[in-house]
Amino acid sequence: MKVFRPVLCALLLVAAMSVPAFAAEIRLAQVADISSLDPHKVSDIYSANVIRQIYSNLVQVNENMEIVPDLAESWENPDDLTWIFHLRKGITFHNGEPFTAKDVKYSIERIRNPETASPGATHLKEVQSVEAPDDYTVKIVTKRPFAPMLMSLTRYETSILNEKAVSASGADYGSKAAVGTGPFKFVEWSRGDKVTLEKNPEYFRGPAVLDRVIYRGIPEDATRLIELESGGVDLIPGNFPYQEFANIEKNDKYLTYKVPAMSTLYMGLNTEVKPFGDKLVRQAMNYAVDKQAIVDAVYFGFAAPSRGPLSPVIWGFDPTRTAVYPYDPVKAKELLKQAGYADGFDMTIYSDNRTERRSAAELIQAYLAEVGIRANIELMEWSALLSTSAKGIGGAFMLGWTGTGDADGGMTPVYHSANIGSSNRFRYKSEGIDALLDKGTATLDQDARKKVYAEVQELITEECPLVFMISQELLGASSKKVQGFKLYPNMISPLYTVTLSE
Amino acid sequence: MLRYFTKRLIFLIPVLLGVSIVIFAIVHLAPGDPAEVMLGPSATQEDIGKLREQLGLTKPLYVQYWIFLTNALKGDLGRSIKSNAPVLEEILERFPATLTLASLGMLFAITVGLPLGVLAALKQNTWVDALCSFFALVGFSIPNFWVGLMLMLLLSITIPILPSSGFDSWKNLIMPTIVLGIQTMAVIARMTRSSMLEVIRQDYVRTARAKGISDRLVLTRHILTNVMIPVVTIAGIYFGHSLGGVVITETIFSIPGLGRLIVDAIRAQDYPVVQGGVLFFALCVGIVNLLVDLLYAVLDPRIKAQYRSAK
């Protein structure tokens, strides 16, 4: 070691001299590199995170998932179908173009244009028309009263783009150019590796503290951790491996972040497959599975048993709810007997190959066996699982649901019978549920909506076309020098207020 | 020689055609499709149908194949479904990293493996031999992702001198090179040793020695040239192998190479990228094999003579 010391000192000296005057640069590690920076064409969370730093929306969510102004200063509803947004003045895009209502109209129409094939089009499908009566007013008319409109407009998929910037780059928009009004400007994307952003000095809320932001895609869990430990990255904004989190929480070299996720994980049941059409059987299966065991074994404690169809951070979640279907194998057997399945039955659980889902499926298999239900597990490719389950899969399937942040987005796609054939994979039709879900979107009175959603959460829990499982927590970690970072429940965390201490 | 070379190049055409058919069939017959992956779990069948039509996935398979083939012949491999970038551009952007890595790995394997094998053979049945063989055996048996993680712990954390991931400077290449080359190194060491032991006992070696040629010259001129042929064969096979196997190394060290591009594309069911990438790999492996065959001729006058007589 003695021999190495002078060498090490020399190396450190060289390293120290090669660092220029302190520029606040933060390096983040995500699981994958981005796929594009065209918000209207992506559907992955890693691109969404970078998009969030570059673009703005009409409205945004804060860390409590409450709606706050962004490009729109205020908004009003002259009637149940019309949304008027009053825009901030004096905002410019990164290319120098002034931001006006025309940009909003262009963006919304671009998303809705079938040629764009935007994954976000689904969030705006209730829009009838969008108009720009003057430069700073936008009028959106919906086909029917549609209360979740604001939440849809907070989505990264509905970011506001500049028409000139998009047409100037043509097919290269999103890979070689990305122009927004956000706190950071796009610098370059080295595909498969990293994307670099720099501070936008003209940002309308004042420039960010950070000078440069680098998002890297590091697929291997262990490598991401080693990079954090060796100082190669400063912040892991989510996707921190569950099994390592307890260790890093204890280590005072790091800051850790933990917040309940918007998503819930469940085992769906195709109710057209026998015997899942029988409510007693479904309830029996719910009692048969110990959800806390899944929390402990699969998520190392960083999750909570489901309190119904919604995660507690979704707007409209009824806070009086408690964990559903406590573990009770005796009751499960009793219900099975009542349903005429005293000897159990055979079934298949379909899952993709992700560790957590597969392990959860294996635990469920063991618990079901205890009440006499013989389940076998079949693994499928993710895309195959999506398409087969949409068309009606031959049994149960492991799936999660994130939604939009609003109770409507958390339940209507999954439980409304209008979505059988696509996202209602239980293929379950209940007139009661349908009616309540429709009622929830039809009134703009948020308090009235909350009451409706409380009712429907209870009804879905009772009908249970699925085996409820867990809501996981989002985990992140950073070096101590990162200050002011907040992990958002939707896993898209802004860096505007982040600072670095030396 | 030139004629042989052109002939071999022409033979590559049916091989690539075959590969293109097989990969096209596998990609399109596998369940699921890119429209579903792109639009996610909330998409309606109607949206999926529309997108599928837009991507040209509703046409009969043979029509899709014909379009793919004719465009490919014009050098157009289509656009990535995921990123909308031209596939060829993505491949060419990623290929240098993979080629650099595979070449450095091979260089490492040969420069370490060959001397190790020679040393082991020259000191047969001594502790040097045992040590070399042990080293080779270990190199071959331990999984390379484990070697990668151990190297990272050692050289990025315990003695922090190398960056653990990325592709920014030459420092990023050291650990991946070792990880990628270590198995080939072991195989080459074993191969060199056994081939040396065989050659050493040949009559011509004894004759050379009897003539009074120095040990060094016997080794370089008479033994090593003959040892090289099996070694080159192995190196050639493993080079093709490591072009394909580089994906693990690329993933551990998060290097933006071609292997990862293809694996990510498979996950996203990004058909054009998978097809283009695999076809490109096939072309590379074909060319490497050809180069290996040509190298034989350089090393072995008998083989060169065969080419001549085939004229």
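How many Å separate the centres of domain 1 of chain A and domain 2 of chain A, taken over C-alpha atoms? The structure in view is a predicted model, and in it the two centres lie 32 Å apart. Domain 1 of chain A is made of two stretches of the sequence, 21-234 and 481-502, while domain 2 covers 260-473. The two domains touch: 16 residues from domain 1 of chain A and 15 residues from domain 2 of chain A take part in the contact. On the side of domain 1 that faces this contact, nine residues are nonpolar, four are polar and three are charged.

A sheet in chain A comes next. Four strands of chain A make up an open sheet, and reading across it gives the order β4-β5-β7-β6, with antiparallel pairing. Strands β4 (72-76) and β6 (127-134) of chain A are at the edges; each has a single partner strand, so one side of each has no neighbour in the sheet. On average, neighbouring strands of this sheet are turned by 20° against each other, if direction is ignored.

Inside this order, strand β5 (residues 82-87) of chain A pairs with strand β7 (residues 137-142) of chain A. The pairing is antiparallel and runs over five bridges. A pair of residues to look for here is His86(A) and Thr137(A): His86(A) stands opposite Thr137(A), which belongs to β7(A). A helix also packs on the sheet, namely α3 (residues 101-112) of chain A, which touches β5, β6 and β7 of chain A. The direction of α3(A) makes about 160° with that of β6(A).

Where does chain A meet chain B? The contact brings together 37 residues of chain A and 43 residues of chain B. On the chain A side, the elements that give two or more residues are β10 (212-217), α6 (221-230) and α12 (382-391). Helix α6(A) provides the largest share of that side, with six residues. By class, the chain A side has 12 nonpolar, 17 polar and eight charged residues.

The last stop is a pair of helices in chain B. The axes of helix α5 (residues 87-122) of chain B and helix α8 (residues 171-200) of chain B come within 5 Å of each other and cross at roughly 35°. Is this crossing of α5(B) and α8(B) left-handed or right-handed? The crossing is right-handed. In the contact of α5(B) with α8(B), 25 residues are nonpolar, eight are polar and two are charged.

Conventions
Residues numbered from 1 in each chain as written. Chains lettered and ligands numbered in written order. Predicted model: local features only at pLDDT ≥ 70, side-chain atom pairs only at ≥ 80, totals over all residues. Domains from an automatic or database assignment. Contact = placed C-beta atoms within 7 Å. Nonpolar A, V, L, I, M, F, W, Y, C, P; charged D, E, K, R; others polar. Axes fitted to C-alpha atoms, helices over the stretch in contact; angles between N-to-C directions. Left-handed = near helix turned anticlockwise from the far one by under 90°. Pairing = 2+ DSSP bridges.
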